[in-house]
Amino acid sequence: MNALADFGRQARGDVVRIHLGPFRPYLVSHPDHVQHVLRGNWTNYVRDGMFWKPLERVAGNSIISDGPGWESSRKILQPLFTARYVNSLAQGMVKAIEECLEELTPHARDGRPVDIGEELARMANRAVIHVLFGDKIPLKDAERLAPAYATAASSFTFRLFMPFIPYSVPVPGDRAFTRAVKTIDSVVVPLVRQALRDPGEGRDIISALARARGQEGDGSGEQQMRDDLVSIYGAAAETTATALTWLWPLLHAHPDVTARLYDEVDEVVGTGPVDPEQLPRLRYMKAVLQELLRLYPSGWMFPRMVVAPDEIGGTRVEAGSQVLISPYVTHRLDEFWDRPMDFDPERFAQDTGERRHRYAYFPFGGGPHVCLGLHLFYVEAPLLLACLLRRFRPVLVNPGPYTAVPAGSVRPKETVELRLLPRDTA
Ligand code: HEM
């Protein structure tokens, strides 16, 4: 991971080629060039080719693909992920998160450390499941989804890094991957069928989608809904949980930030309960999250295939070649960030007036494919932190260092363990 960032830093924003065996994608990191690919000339840079193939096998032709299938999904899904719509689901998310935290209380009492990566995944999973499926999914099915996704994500890493190996040649992870997709389908497909038969009035995404897709009446609804739900779940749960896992080593290394964050939670939330209406007042927390995503943007790399020959910053890129966009790299460029390796939420705290290029910071991508879950993240993540911090004072067991490894999202190689001291005794 750091080799990639170093490579980008040495290139100082120039377009450079990376040598991955027979395969030589372009690394594009200058904000002007990122803007060109994601927005200015975005129709020439599509999600296709070897990097996207493994994803297609789980997500089908959906919101995370490209072309007409993506466009129709985006049109239907966009209104369900506005700040307003997401806010209307916030109370339910608090309930889901609090239920998970309740289960941690015995750990806190006994002083047993918890694997916070795993716990955050469980919480993000429940919150996202609530948003997507409301109360339509039995708990035992919901609990089968997370491990199946984890298997799918880890078992396609080999293909991600060896994209030139054809699918007719079996590679490690293929069988586990197929089994995981089967499990995901066995949970999601019956729910889609049921929702299409009877969408009801719920605000959860599956009901809203069933109402929208049902009206199309062309029979394509079922597959498209399955593909979209599976894609959204995949894009939502892991990204949020892995990003928040990085927070704890950073807070441990920055007691001043921690103190300010805790003060804010004490002042706004107190001992709770957490009310979504408090979110706008958790301003420092938002700056902490923004800075967290600068250093550890879960979507650390997203590729595009060049449709017609083009020029990016004076470098000619050929049709059919791949262009890699990486916020992990751009967010670490000295040319655009002062002390880029330092964790400093002040950069985002209000009124500092720091001016920067729109594409110097893009943890959620940009242009027409900009992350659909941006508002959801800024509701779910602060709720999750507020719920956690109103109960506990987390103490990092191993101060690190933690190594960033590239997987579906950028995660720490080592387990991050926390001791959760009950807040009133800390
Ligand atoms: C830390 C949290 C997250 C990060 C860093 C993140 C990052 C990103 C990035 C970089 C993209 C653009 C990919 C590209 O251009 O190819 C993207 C797209 C997307 N994200 Fe997120 N995401 C996060 C959370 C979520 C959540 C909570 C959802 C749930 C709805 C979500 C759903 C999506 C979807 C559906 C797309 C595809 C949008 C499209 O192409 O039209 N993401 N995300």
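I call a residue buried under 20% relative accessible area, exposed over 50% and partly exposed in between (1.4 Å probe, protein chains only). W337 is buried, with a relative accessible area of 2%, and F348 counts as buried at 12%.

A note on sources: this is a predicted model, where local features need pLDDT of at least 70 and side-chain atom pairs count only at pLDDT 80 or more, while totals for chains, interfaces and linings use all residues. Residues are numbered from 1 along each chain as its sequence is written, and side-chain values use heavy atoms, with hydrogens and water left out.

Next I searched the whole structure for aromatic pairs and found 11. Rings of Phe, Tyr and Trp (its six-membered ring) pair if their centres lie within 6.5 Å; planes under 30 degrees apart count as stacked, over 60 as edge-to-face and the rest as tilted. W337 and F348 have ring centres 6.4 Å apart and planes at 45 degrees, so I logged the pair as tilted.

I also looked up Y359 and F362, a tilted pair with 6.4 Å centre to centre and 45 degrees between the planes. Both Y359 and F362 are buried. Ring pairs link F302, Y359 and F362 into a cluster.

Last, I turned to the helices, which are DSSP runs (H or I, at least four residues) numbered from the N terminus. Which residues of α16 meet α18? I found M285, K286, L289, Q290 and L293 in α16 against F377, Y378, A381, P382, L385 and A386 in α18, where contact means heavy atoms within 4.5 Å.

Technical notes. Helices (H or I, at least four residues) and strands (E, at least two) are DSSP runs, numbered from the N terminus.
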